[in-house]
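The following explanation is intended to be read beside the sequence and the three-dimensional view. Please keep both at hand.

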Amino acid sequence: MTKAPISKADLERIALQEIRSFPGSEHVRSVEVECETSVPRDINWRLYVIANDEGDLDRIQYAAKVTTERLKRRYDLRPDT
């Protein structure tokens, strides 16, 4: 299965929407993508989630983990982002 290329900004927007769709994750304010390009042709990335104090940390961590796994199966981060 081929993954679709995606920009960092689009990936952050999609990740934020998906994380906020999980119950208990409505207090997530933003998502940032951090990239590692240690191996050529392989961009590894992770999500950093910023939430209000009212957020349920356990639910937010679960939402971020599941969302990261889903998005890594669907998308390849474009190297120019």
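The paragraphs below treat the overall fold, then the helices and the core, and finally some individual residues.

This is a predicted model, in which local features need pLDDT of at least 70 and side-chain atom pairs count only at pLDDT 80 or more, while totals for chains, interfaces and linings use all residues. Residues are numbered from 1 along each chain as its sequence is written, and side-chain values use heavy atoms, with hydrogens and water left out. The average pLDDT of the chain (the predictor's confidence in each residue, from 0 to 100) is 88, and 89% of the residues score at least 70. Among the elements, H1 has the highest mean value, 96, whereas E2 has the lowest, 84.

The chain contains two helices and four strands, arranged along the sequence in the pattern β-α-β-β-α-β. Here helices (H or I, at least four residues) and strands (E, at least two) are DSSP runs, numbered from the N terminus. Of the 81 residues, 31% count as buried; buried means under 20% relative accessible area, exposed over 50%, and partly exposed in between, with a 1.4 Å probe and protein chains only. The chain exposes about 5,600 Å², of which carbon and sulfur atoms supply 47%; these areas come from the Shrake-Rupley method with a 1.4 Å probe, and for residues only the protein chains shown count as cover. Contact means heavy atoms within 4.5 Å. Among contacts between residues at least 6 apart in sequence, 54% join residues at least 24 apart.

At the start of H2, the backbone nitrogen of Asp58 has a side-chain oxygen of Asp56 within 3.2 Å.

Which residues of each helix are buried? In H1 they are Leu11, Ile14, Ala15, Leu16, Glu18 and Ile19. In H2 they are Ile60, Ala63, Ala64, Val66, Thr67, Thr68 and Leu71. An α-helix has 3.6 residues a turn, so residues three or four places apart point the same way.

A nonpolar core is a set of buried Ala, Val, Leu, Ile, Met, Phe, Trp, Tyr and Cys residues joined through side-chain atoms within 4.5 Å. The largest one has 19 residues, of which Leu11, Ile19, Val31, Trp45, Leu47 and Leu71 touch the most other members. Two or more residues of this core come from each of H1, E2, strand E3 (42-51), H2 and strand E4 (75-77). Beyond the residues up to four places away in sequence, Leu11 touches Ile6, Val33, Trp45, Leu71, Tyr75 and Leu77.

Thr67 lies in helix H2 and counts as buried because its relative accessibility is 0%. Apart from neighbours within four places in sequence, Thr67 is in contact with Ala15, Glu18, Ile19, Phe22 and Leu47. Ser25 lies in the loop between H1 and E2 and is likewise buried, with a relative accessible area of 0%. With residues up to four places away set aside, Ser25 touches Ile19, Arg20, Arg59, Ile60 and Ala63. Glu26 is found in the loop between helix H1 (8-20) and strand E2 (28-39), where a polar atom of the Glu26 side chain lies 3.2 Å from the backbone nitrogen of Gly24.

Ala9, in helix H1, is exposed because its relative accessible area is 53%.

Lys3 is found in the segment before strand E1 (4-6), and Lys72 in helix H2. Lys3 is partly exposed at 34% relative accessible area, and Lys72 is partly exposed at 28%. A polar atom of the Lys3 side chain lies 3.1 Å from the backbone oxygen of Lys72. Leaving aside neighbours within four places in sequence, Lys3 is in contact with Lys72, Arg73, Arg74, Tyr75 and Asp76, whereas Lys72 is in contact with Lys3, Asn44 and Trp45. Lys3 and Arg73 are 70 residues apart in sequence, yet their C-alpha atoms are 7.0 Å apart in space.

Notes
Polar contact = N/O pair within 3.5 Å; in protein donor to acceptor, adjacent residues only side chain to side chain.
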